[in-house]
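I opened this model to look through its fold, its cores, its rings and one of its pockets. My notes follow.

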Amino acid sequence: MLDPRYVADNLETVRQRLATRSPAAAATLDPLAEAVSRRRELVGKTEALKARRNAANDEMSKLAKGGDKEAFAARRDELKTLAAEIKDLEATLTELEAGLEAQLLTVPNLPHESTPVGSSEADNPVVRVWGDKPVLDFEPQAHWDLGARLGILDFERAAKLSGARFAVLYGLGARLERALISFMLDLHTKEHGYQEVYPPYLVRAETMQGTGQLPKFEQDLFKTHRSDPDDQGALYLIPTAEVPLTNLHAGEILEAADLPLCYTAFTPCFRSEAGSYGKDTRGLIRQHQFDKVELVRLVTPERTIEELEILTSHAEVVLQRLGLHYRVVELCTADIGFSSAKTYDLEVWLPSQGAYREISSCSTCTDFQARRAKIRYRPEPKGKPRLLHTQNGSGIAVGRTMIAILDQCQQRDGSVVIPEALRPYLGVDRLTPPA
């Protein structure tokens, strides 16, 4: 959430910065305009009354010394009236600012000053490319066909169990999923210094609000319903481990010496994918349930860009160790997510599609999530607490990594060579079609 006072004092500046996202983003400020105007009016009245109160206090001091009891009593009565008026105005102002904060929950984050301005994903600059694009001397198979022929992927039986956009993995497919998870977690904990966490998959609405999923994106979430009249409300299935990991320290004040705090977790992720009908409906690209290893960093504001570069490099190492060709693009203002201020996407090459597809997204959310979740830190011992910056990235999406391996490592005979880094986890060096 944006700082309500900053928005109120700089409404047009904020509107201009949001307009670099889209006209719709700028329009989210429209319902706030009246409240901002009313707040400005109340602040002006309150400050004027406080000035009168201070003047009356000074005059009372002089009258007390001069012995004019009648004038002193008049000023005392005036002070009581002023105090009551100020108290009423401050109560009204507090209520107005609370309403302003509620409205701000639907306003996206401001793009970072270094985020390139653009109007669509076509304006996303390529930052770097790693590895050589694989050249196959045969017609590559799409992962849904290749996986079915290998006997490791089954979408039809998944649909029988749960409907569209689910998958069943068999045998070496299930083991490959597990091998990828273990490989990623070992890499991030043993080499990159992250602490592994096993968080709940069901969280409260307040937790979803802390990272920006609520109230804006409720239609994209899966929500539980309970019959117990004494329950504490519905719980939500997490769309990403970013949600519980970031909120681990909600409402806390941390010490600067303990930052950055770096967490990683494997979790299944659940997304309704509302509004994406007809887009990537086939295969593993856009599932209602998928596995992901997530990276979260809580950092000081001064290091937010440096720490984002570190976070992104950690996600990149996964692809490098697997020998998968990819590129890094920086998202322009029109393409960054709701909570993000700056984002790098890792896009892996899929020969069967002749295109790069996103496999990881690494973002700094500046203090946007920290303000919502009330996560602060002390720059120095006993110092005044400040909001820290939150960062998150896929480290990486497991299903999409499986797609990349099937696509880039497939052979003419329908087999798939397993990257060397995974062989100790999987126990085989190749997937072959059943005889």
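I started in the loop between strand 14 (376-378) and strand 15 (386-387), where Lys-382 sits; strands here are DSSP runs (E, at least two residues) and helices are runs of H or I with at least four, numbered from the N terminus. Lys-382 is not a glycine, yet its phi is positive, near 65°. At 83% relative accessibility I log Lys-382 as exposed (exposed is over 50% relative accessible area, buried under 20%, partly exposed in between; 1.4 Å probe, protein chains only).

This is a predicted model, so I note that local features need pLDDT of at least 70 and side-chain atom pairs count only at pLDDT 80 or more, while totals for chains, interfaces and linings use all residues. Residues are numbered from 1 along each chain as its sequence is written, and side-chain values use heavy atoms, with hydrogens and water left out.

I checked Arg-165 next: it also has a positive phi, about 65°, without being a glycine. Arg-165 lies in the loop between helix 7 (155-162) and strand 3 (168-169). Arg-165 is buried, at 10% relative accessible area.

Then I looked up cis peptide bonds. One runs from Leu-259 to Pro-260, with omega near 5°. Pro-260 falls in the loop between strand 8 (253-255) and strand 9 (261-270). Another joins Gly-395 and Ile-396, with omega about 15°. I place Ile-396 in strand 16 (residues 389-397).

**Overall**

I count 14 helices and 18 strands in the chain. Of its 435 residues, 49% are buried. The C-alpha atoms fill a box of roughly 110 × 50 × 40 Å along the principal axes.

**Cores**

Which residues touch the most other members of the largest nonpolar core? I list Leu-180, Met-184, Leu-324, Leu-406, Val-416, Leu-422 and Leu-431, out of 47 residues. (A nonpolar core is a set of buried Ala, Val, Leu, Ile, Met, Phe, Trp, Tyr and Cys residues joined through side-chain atoms within 4.5 Å.) Helix 8 gives this core its largest share, eight residues. A second, separate core has 20 residues, including Leu-11, Ala-25, Leu-32 and Val-36.

**Rings**

I find six aromatic pairs (rings of Phe, Tyr and Trp, the last by its six-membered ring, with centres within 6.5 Å; planes under 30 degrees apart are stacked, over 60 edge-to-face, the rest tilted). Phe-183 and Tyr-425 pair edge-to-face, at 6.2 Å centre to centre and 70° between planes. Phe-183 is in helix 8 and Tyr-425 in helix 14 (residues 423-426), so this pair ties together parts 242 residues apart in sequence. Phe-183 is buried at 5%; Tyr-425 is partly exposed at 35%.

**Second largest pocket**

I put its volume at about 440 Å³. Closest to its centre, of 16 lining residues, are Met-1, Pro-4, Glu-101, Arg-371 and Lys-374. (On a 1 Å grid over the protein atoms alone, a pocket is an open set of points where a 1.4 Å probe fits, with protein on both sides within 12 Å along at least five of seven lines; lining residues have an atom within 4 Å of a point. The volume is the space filled by probe spheres set on the points, which are joined across faces, edges and corners.) Helix 5 supplies the largest share of the lining, four residues.
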